[in-house]
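Could you walk me through this structure stop by stop? I have it open in my viewer and would like to know what to select next and what is there.

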Amino acid sequence: MDREIIEQHVTWEEYQRILKILGREPNLVELGIFSAMWSEHCSYKSSRPHLKKFPTEAPWVVQGPGENAGIIMVDEENQICAAFKVESHNHPSFIEPFHGAATGVGGILRDVFTMGARPVACMDSLRFGELNDSKMRYVAKGVVSGISHYGNCVGVPTVGGEVYFDSCYQTNPLVNAFALGIVKKDKIFYAKAAGVGNPVIYVGAKTGRDGIHGATMASEEFSSEEEVEKKVNVQVGDPFMEKLLIEACLEAMEKDGIVAIQDMGAAGLTSSSVEMAARGGVGVRLELDKVPTREEGMTPYEIMLSESQERMLVVCEKGKEEEIMEVFRRWDLDACVIGEVIEEPVLRLFWYGEEVAELPIKALTDEAPVYCRPFKVPEYIKENLSYDQNRIPEPEDYNEVVKKLLDSPTIASKRWIYRQYDHMVQINTVVYPESDAAVLRVKESKKGIAISSDCNSRYCYLNPYEGGKIAVAEAARNVACSGAIPRAITDCLNFGSPEDPEIMWQFVKATDGMADACRVLETPVVSGNVSFYNETTTDRGKRAVFPTPTVVCVGVLEDVEKRMTSFFKEEGDVIVLLGENVGNISGSEYQKLVEGEFRGRGQSIDLAFERALQRAIVEAIEKGLVKSAHDVSEGGLAVNLFESAFERELGFEVDFEDDIRTDFLLFGEDQSRIVVTVAKEKVEELLNFLEEKTVPAKVVGVVTGTGKGIVRHKGREVINLSIKECKEVYKNSLERKLTGML
Amino acid sequence: MKFGIPVYPGSNCDRDVGWVIEKVLGHEVRYLWHKERDLSGIDCIIVPGGFSYGDYLRAGAMAKLSPVTEAICEFAERGGLVMGICNGFQILLEAGLLPGAMLPNKTLSFICEFVHLKVENNEIPFTHLYEKGEILRIPIAHAEGNYTCTPETLKELEENGQVVVRYCSPEGIVSEEFNPNGSLNNIAGICNKKGNVFGLMPHPERASEAIVGSVDGYRMFESIVRSVLV
């Protein structure tokens, strides 16, 4: 074979490895299969050694990493579990925002219902560049409408998410889609093929030429000229087909006979068949001419590598296939037997009776290359050590700063986005968007499920280790602020090229931090994915995204009736700050506002204290001591207070005594802080409780009915703003910016 | 009593309506597969929301052709109670059980949010437990809810009191400012002349339990039960 063709699939070194494993030259079909299975996306070849650091077990973990989704126990008494996972769809979403994002949602939903779980919630973690760029506005709008189109149609609510805007994402936006489903423990399905002679059934949409080499594409960086050509590689989603597939699969699972089931995601038929066989220690024989195709003349190579959406592969007990296929046909879906499980652990592919590939399963999975990539401290980290925040001038008008912060798209309300998502369908959503975490009730149970997606990549950029810790801690803190005990996380690790030692250093440090946080906070990693090569070559060199390890934390509320929201409830309630003010603005939205870039050492966090804080807030909510709880994050204390006042258009008056420069105090993003409100008569009880838990807390002010947000520092009034006026800015900023009405 | 809920491929609020009827209201539900025609024993049909057949054509345009819709039309002509929610409303329009049609929202985007509705007609079986002029807080979730019809039809609807609910402010002011989707005369729901067929864009099943933030939609279901059983 031509070296050029070989190198379009694998590296020259990898090809030598293939020759050694096979003892012969692969044909083109086989080479294509290797390229998909050995791609970064499927093989985790650069990340695997580091992912081992993550804790993955806890008494409530039912299924850790390695399956299509992770599963935790939610309600022991009723044996109700939650299956969930977050996955990236970054590359396709930049090339074709609408379909890229839509198919991201479709893919993650399939990962969840393939385990027997009915999907009940979606979330999306999005990263865009600055909105003064018309291309980025087009991308952002396209991504949102793609998610809206798909999620709304399949009838799974999109209950929350997060969005950041920073220039590092200008040519590499990130779209991380999360889904969660509910399943009874004894109804969980796995993707482990078994039973020699059992038929392999293909169900769902027909196979087309779309998405060929999607997995390989996701494992390369962009160079602008190529982008357009890659458009052909983006799959097109059909949420209607997906809805039918969900219903048909769940119905088929009610019947006896399904042995294993997996969706055809990245690398389509290749990865689904190989992974199912690998888990079961068996082989698979497929007759590719039996695969339903969308167009004529498709070759075995194309059929194996197509990433057409809404397709599943099912192994069922021999003799039960007709009954199973009948369910799919009732839903007007294609279903046909395309092969069988074989004893010999080999993938054997046939095309009208002729063998076109014969590959040992192990060669594609266990023997895939693993790279311990070298890493080194980036230059910018060293330069940042000398940063001194005292050099920035103190602002003259604090009111102006607050308004600007509330207007920044990262902080401003995401109403324009979530209004386009059906966040209510299935009537389980009991805390709607705008609060710290989304809360779902669990029908037929007293429990609730809280979900929050977080990652401040600015902190990760300035200090990947601390940033990784904070990503986990903040997601868990948001869940805790809703009254739920954080139970587990799923993650999506978005980085630049692992072949760059400075990027690799970010990856190693961030995952170190995450692992430490997961251990201390007892939130094991149950599923996730890695997305490398989020970088673009421009005429000014390479631009990689900030290290963005998105974390979605799932927590359980013992009693959903006790769920907590983040906004002020009543005039006269007392405002209490939990945690300590330090006044660090490194990596903050305020720093971006005044300096236009992120510098310094970033934020840091004490995990032992964070744990104590989270435990305390959950217990305080349980005891009915607080009426609102809102985590202090982007924009610091000032933004936190205004956000809390918007919902009911109440006011507040606070006075801080700290010996910290006023702007650092109000806009610093120090970690492990929560603002709560408490009824007057319960203040003593709350403070005593927190003292007992060794959580520092002080009364800082009161909720008023004046509609004014008033902040004093040591008695001096520094902020005095109308809540209504600020709410207008906060509520409409994103729409103004996205529609170009800056 | 027994409610029938048609399930088209792509229906996605069928279970929600079923949940409210069975678990909150305490009545029986039969799900009707789109290929079915048998409606025997059913007292009221609720056509649920969703994206029937994907709604790749005009919303509801495909669903009107399915066997179950034909049966529903016959059922309605015989005076049977038929309520359409969201996509269900769109289907009833396409099927000709209610006059008019839907345009895309004036925002050209999907909108999901709580809105306020004013009860304009409380004399039909679906709304008789409400006060006339009562303000309800119920969510909408649709991309095509911009109701339109000919001037003659609109005049007729208004004169006959067929406009059942209208979008309004929390205080009950009916104006363009509080019209989320651009519908004519702020129309959120209408009934036929006889009052046995009712369609609305908002989702009463999403406002039938305190835990989801509103119980204002519950009395629609309760109204049906009272009018059938009394």
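**Before you start**

Keep in mind that you are looking at a predicted model. The predictor assigns the complex an ipTM of 0.96 and a pTM of 0.95. If you colour chain B by confidence, its average pLDDT is 97, and 100% of its residues reach at least 70.

**Stop 1: an enclosed helix in chain A**

Select residues 636-646 of chain A, which form helix α24. Among the buried residues you will find N640(A), E643(A) and S644(A), along with L641(A) and A645(A).

**Stop 2**

To see the contact itself, show side chains for V402(A), L405(A) and L406(A) on α17(A), which meet A638(A), V639(A), F642(A) and F646(A) on α24(A). Which classes of residue make up this contact? Seven are nonpolar, and there are no polar and no charged residues.

**Stop 3: another partner for α17(A)**

Keep α17(A) on screen and bring in helix α27, residues 723-738 of chain A. Here the packing angle is about 40°, with the axes 8 Å apart, and the two helices are therefore oblique to each other. On the α17(A) side, select K403(A), L406(A) and D407(A); on the α27(A) side, select E725(A), C726(A), V729(A), Y730(A), S733(A), R736(A) and K737(A). This contact divides into four nonpolar residues, one polar and five charged.

**Stop 4**

Move on to helix α23 (residues 607-622) and helix α26 (residues 683-692), both in chain A. They pack at about 145°, their axes 10 Å apart, in a right-handed crossing. A616(A), E619(A) and A620(A) of α23(A) meet L686(A), F689(A) and L690(A) of α26(A). By class, five of these residues are nonpolar, none is polar and one is charged.

**Stop 5: two positive phi angles**

Next, pick S672(A), in the loop between α25 (662-667) and β26 (674-678). Its phi is near 55°, a positive value in a residue other than glycine. With a relative accessible area of 4%, S672(A) is buried. Then jump to K714(A), in the loop between β28 (708-713) and β29 (716-722) of chain A. K714(A) is not a glycine either, and has a positive phi of about 50°. At 45% relative accessibility, K714(A) counts as partly exposed.

**Stop 6: over to chain B**

Finish by selecting L229(B), in helix α5 (residues 218-229) of chain B. At 53% relative accessibility, L229(B) counts as exposed. What does L229(B) touch, leaving aside neighbours within four places in sequence? Its contacts are M1(B) and H27(B). Draw a C-alpha to C-alpha distance from L229(B) to M1(B): they are 7.5 Å apart in space, yet 228 residues apart in sequence.

Conventions
Residues are numbered from 1 along each chain as its sequence is written. Chains are lettered from A and ligands numbered from 1 in the order in which they are written. This is a predicted model: local features need pLDDT of at least 70, side-chain atom pairs count only at pLDDT 80 or more; totals for chains, interfaces and linings use all residues. Side-chain values use heavy atoms; hydrogens and water are left out. Axes are lines fitted to C-alpha atoms, for helices over the stretch in contact, and angles run from 0 to 180 degrees between N-to-C directions. Helices (H or I, at least four residues) and strands (E, at least two) are DSSP runs, numbered from the N terminus. Contact means heavy atoms within 4.5 Å. Ala, Val, Leu, Ile, Met, Phe, Trp, Tyr, Cys and Pro count as nonpolar, Asp, Glu, Lys and Arg as charged, and the others, Gly among them, as polar. pLDDT is the predictor's confidence in each residue, from 0 to 100. Buried means under 20% relative accessible area, exposed over 50%, partly exposed in between (1.4 Å probe, protein chains only). Angles under 35 degrees count as roughly parallel, over 145 as roughly antiparallel, 65 to 115 as roughly perpendicular and the rest as oblique. A crossing is left-handed if the near helix is turned anticlockwise from the far one by less than a right angle, and right-handed if clockwise.
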